[in-house]
Amino acid sequence: MNKTKSAIAVVVLSLLSLPAWAQSAAAAAVAVKPVTNPAELEARYPALDEIEIPEVPSYTLPNGMQLYLLPDDTLPIITGRALIRTGNLFDPPDKIGLSGVTGSVLRIGGTKSRSGDEIDQELENMAASVEAGIGETSGSANFWTLKENLGRVLEIFADVLMNPGFRQDKIDFTKQQIRSGIARRNDDAHGIAAREFTNLIYGKDNPYGWQLEYEHIDNIDRSDVVAFYERYFFPANVSLAIYGDFSPEEMKAAIEKAFAGWTAKQPPVPEFPGVKAGEDGKVYFVDKTDVNQSNIQIGHLAGTLRDADYAALEVMNSILGGGFHSRLFQKVRSDLGLAYHASSSWGARYDQPGIFQITIGTKSESTVGAIEAALKQVDLIRTEPVSPNELKTAIDGVLNSFVFNFDTRSKTLRRLVNYRYWDYPEDFILQYRNAIRDVTAADVLRVAKQHLHPDKMKVVVVGKVGDFEKPLDSLGRPVEKLDISIPEPKGEQVEQDETSLARGREILAKAQQAAGGADKLAAVKDLTKSYSFKSKSGLNAEQTVRIVLPDTMLQESVLPFGKLVAAVGPEGGWMRAPQGLMPMPPQQLEQSKGELFRLRESLLLSDRMPNRTVNFVEQADFNGRTAAVVEVSEQNGPSVRLWIDEASGELIKQTYQSSAITGSPAQVEQIFSDYRDADGLRAPFKVTILANGEEFAQVEVSEIHYNTGLDKAAMMQPPQ
């Protein structure tokens with residue numbers, strides 16, 4: 001045992017004889033003991049062996065597929081990864097999300113001969129996996145298997161790539177998952193900041209900055225999925241890399257056999273679209289009133305991996321905000337106490353510019369100060385040389401983490417295939433390492449001056465603006481509020497003409513008469529309704545709602561876990577739950593405004609409102625009753641369909657799209673029954689609510705009173 005190992009052994013044995021708390025303290029002391037003698041450092045940490053990149057033989061199969069093989073008999077495991085030149089940058093503008101649906105259903109939709117569930121069961125029995133997906137600039141299909149099951153797994157893998165079934169139920173399932181994601185996209189403040197920042201940097205007029213909405217998903221059908229697959233999934237557009245315990249000759253023969261029937265051909269895939277972004281130096285903000293912290297993103301376009309200055313920029317970023325040692329962390333977070341998180345990244349991509357971004361999390365009252373402090377650090381690194389210690393720490397940090405690029409041979413194979421995919425030299429990673437070693441303080445200053453432009457950086461802030469210590473325009477930049485509302489999906493478009501509009505008004509007039517008369521409805525200024533709400537999920541509530549027409553509502557709900565009070569008015573809303581008082585979140589605010597729009601007493605008077613149209617849609621049967629279906633829509637706003645009994649004029653059902661029940665857009669039906677007299681008007685005392693055809697809840701009304709003199713201002717005053 002050499003002296004170094006002996007010393008370490010003594011330390012370890014000594015630690016084992018100490019109590020636990022002392023062991024931790026002693027270990028920490030050993031770990032942070034500074035080394036001032038370079039010879040001692042070399043003795044303690046000998047230099048790493050030189051990295052060797054293994055030879056990876058490649059083949060072009062008769063059908064045009066590229067094959068890469070890297071054998072390794074360490075474990076009886078074999079993995080494969082097919083890389084397909086496609087991506088969501090090829091989505092049509094009116095069908096954003098098409099690639100994502102295709103990539104998901106490629107696997108879960110099964111093949112023409114077996115369902116996705118059957119494949120799941122078969123793979124589970126072998127402890128194997130086959131997965132697929134499509135990202136921004138590539139598609140992939142992967143398998144993992146024990147060596148003994150290779151033949152069967154390879155057959156399934158090839159079948160998925162060559163013969164996808166694209167079953168309609170799995171397409172519908174995937175689209176519903178995406179809708180759910182859209183509905184929840186504003187729940188997380190950090191997610192909002194990251195999303196809006198990226199979209200603004202790349203620009204919303206090109207695929208890099210497009211925003212996926214309900215209408216795009218609703219535009220996608222099975223024929224679109226099949227067409228996308230056929231355009232991009234063909235052998236000459238696929239690179240397949242296999243790693244593990246196999247003989248290269250036998251594996252090549254097995255792959256040729258498995259894919260022998262795949263002879264599809266297509267023209268070469270075009271280049272990915274270029275980035276078209278502007279740099280305006282504005283401050284953009286989202287006023288999220290239900291948070292007490294601000295999420296901040298600052299930056300502009302960065303560059304590509306092949307840029308001559310990439311290595312120096314990585315070192316520069318490491319010094320600026322790349323870790324615990326960085327200036328942003330030390331100055332903005334630790335010294336000034338303006339943030340609980342502060343970092344930066346120089347985002348380089350293979351083909352198009354990535355993004356340079358500073359990310360900050362801070363309390364609301366430190367928002368502007370944190371932005372100012374971060375921008376000051378950007379200015380300093382552009383105007384003053386970095387210290388020798390900063391430079392050495394940054395270079396060592398990058399180089400010390402370099403080994404993780406080579407800790408498995410499978411990583412090496414994956415990287416090699418990526419380099420060939422993007423036409424990079426196979427030793428690019430070593431070129432990058434050598435360039436890092438050569439970076440000087442002068443290089444850092446030069447690239448910071450050349451590539452960082454504080455005046456052009458966009459600033460995105462998501463937080464409670466009313467709590468900021470000073471206004472955002474004190475930063476001396478133009479300020480713009482962002483609209484992050486989620487557009488509801490566009491319903492089926494109904495043609496309108498003079499005849500259908502006249503017929504719609506005629507039917508609505510009959511419904512007014514059945515409810516007690518248009519004049520009595522118009523005389524309603526406020527209403528109070530008490531009812532029980534019983535959902536199929538078992539959540540029951542006793543509720544009272546008070547409404548002052550047309551725009552103010554106060555709802556009190558007694559739930560198993562406590563009382564919930566919510567109010568909405570023209571200027572916003574609030575909620576009081578057992579946890580305390582809070583502003584009404586934007587999504588709930590929109591839902592409440594939708595409830596006010598769909599209030600029966602005002603809907604029946606829509607023909608008197610200049611911003612609404614009443615259009616006859618069709619005649620339909622409902623539970624043996626003939627109904628005239630009328631669509632009421634608000635200009636640039638929501639719409640609802642009313643089913644009015646042609647015999648009696650009673651409103652028997654209304655249908656509309658809403659995310660309130662399922663968390664994503666659903667077809668909601670409210671079925672009205674048990675009509676009774678209430679203060680001179682006829683009103684339903686029972687409502688059955690359905691979502692996507694399934695019963696969701698029953699509402700039983702106990703009391704309805706009109707014009708009791710509700711005080712609008714008092715209703716909007718939060719309880720103390």
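This note sets out numbered points on the fold, cores and salt bridges of the structure.

1. Basis of the note. The structure is a predicted model, in which local features need pLDDT of at least 70 and side-chain atom pairs count only at pLDDT 80 or more, while totals for chains, interfaces and linings use all residues. Residues are numbered from 1 along each chain as its sequence is written, and side-chain values use heavy atoms, with hydrogens and water left out.

2. The open sheet. Six strands form an open sheet of mixed pairing in the order E1-E2-E6-E3-E5-E4. Strands (E, at least two residues) and helices (H or I, at least four) are DSSP runs, numbered from the N terminus; two strands pair if DSSP finds at least two bridges between them. Strand E1 (58–60) and strand E4 (129–134) stand at the edges with a single partner strand each, so one side of each is left without a neighbour in the sheet. From one strand to the next, the twist averages 15°; axes are lines fitted to C-alpha atoms, for helices over the stretch in contact, and angles run from 0 to 180 degrees between N-to-C directions.

3. Strand E3 and its partners. E3 pairs with E6 in the antiparallel sense over seven bridges, and with E5, again antiparallel, over eight bridges. On the E6 side, Thr79 has Tyr243 as its bridge partner, and Gly80 stands opposite Ile242. On the E5 side, Arg81 stands opposite Asn142. E3 is mostly covered, six of its eight residues being buried. Buried means under 20% relative accessible area, exposed over 50%, and partly exposed in between (1.4 Å probe, protein chains only).

4. Helix H16 against the sheet. H16 lies across E1, E2, E3 and E6, and runs at about 165° to E6. The 13 residues of the helix (residues 409–421) should span 18 Å at 1.5 Å a residue, and the end C-alpha atoms are 18 Å apart, which agrees; the expected span is 1.5 Å times one less than the number of residues. Its buried residues are Thr412, Leu413, Arg415, Leu416, Val417, Asn418, Tyr419 and Tyr421. Their cover includes strand E2 (66–71), strand E3 (77–84), strand E6 (238–244) and helix H17 (428–437), where contact means heavy atoms within 4.5 Å. After H16 comes Asp423, whose phi is positive, near 60°.

5. Nonpolar cores. A nonpolar core is a set of buried Ala, Val, Leu, Ile, Met, Phe, Trp, Tyr and Cys residues joined through side-chain atoms within 4.5 Å. In the largest, which has 139 residues, Phe157, Ile242, Phe259 and Ile298 touch the most other members. Helix H6 (residues 150–162) gives the most to this core, with nine residues. A second, separate core has 49 residues, including Val568, Leu604, Phe685 and Val687.

6. Surroundings of two residues. Leaving out residues up to four places away in sequence, the contacts of Ile298 include Phe197, Phe356, Ile358, Leu375 and Met457. Val153 is in helix H6 and is buried, with a relative accessible area of 0%. The C-alpha atoms of Val153 and Ile119 are 9.9 Å apart, the two residues being separated by 34 residues along the chain.

7. Salt bridges across the chain. The structure holds 41 salt bridges, each a side-chain nitrogen of Lys or Arg within 4 Å of a carboxyl oxygen of Asp or Glu. Lys95 forms one with Asp224, the closest N and O atoms being 3.3 Å apart. This pair links distant parts of the chain, 129 residues apart: Lys95 is in the loop between E3 and helix H4 (98–108), and Asp224 is in helix H10 (residues 222–232). Both Lys95 and Asp224 are buried.

8. Further charged pairs. Lys147 and Asp245 form a salt bridge with closest N and O atoms 3.6 Å apart. Lys147 counts as partly exposed at 41% relative accessibility, whereas Asp245 counts as buried at 14%. The side chains of Glu650 and Arg682 also meet in a salt bridge (3.8 Å, N to O). Glu650 lies in the loop between strand E23 (639–645) and strand E24 (651–658) and Arg682 in strand E26 (residues 681–691), so the pair ties together parts that are 32 residues apart in sequence. Finally, Arg114, Glu122, Arg152, Glu155 and Asp159 are linked in a network of salt bridges.
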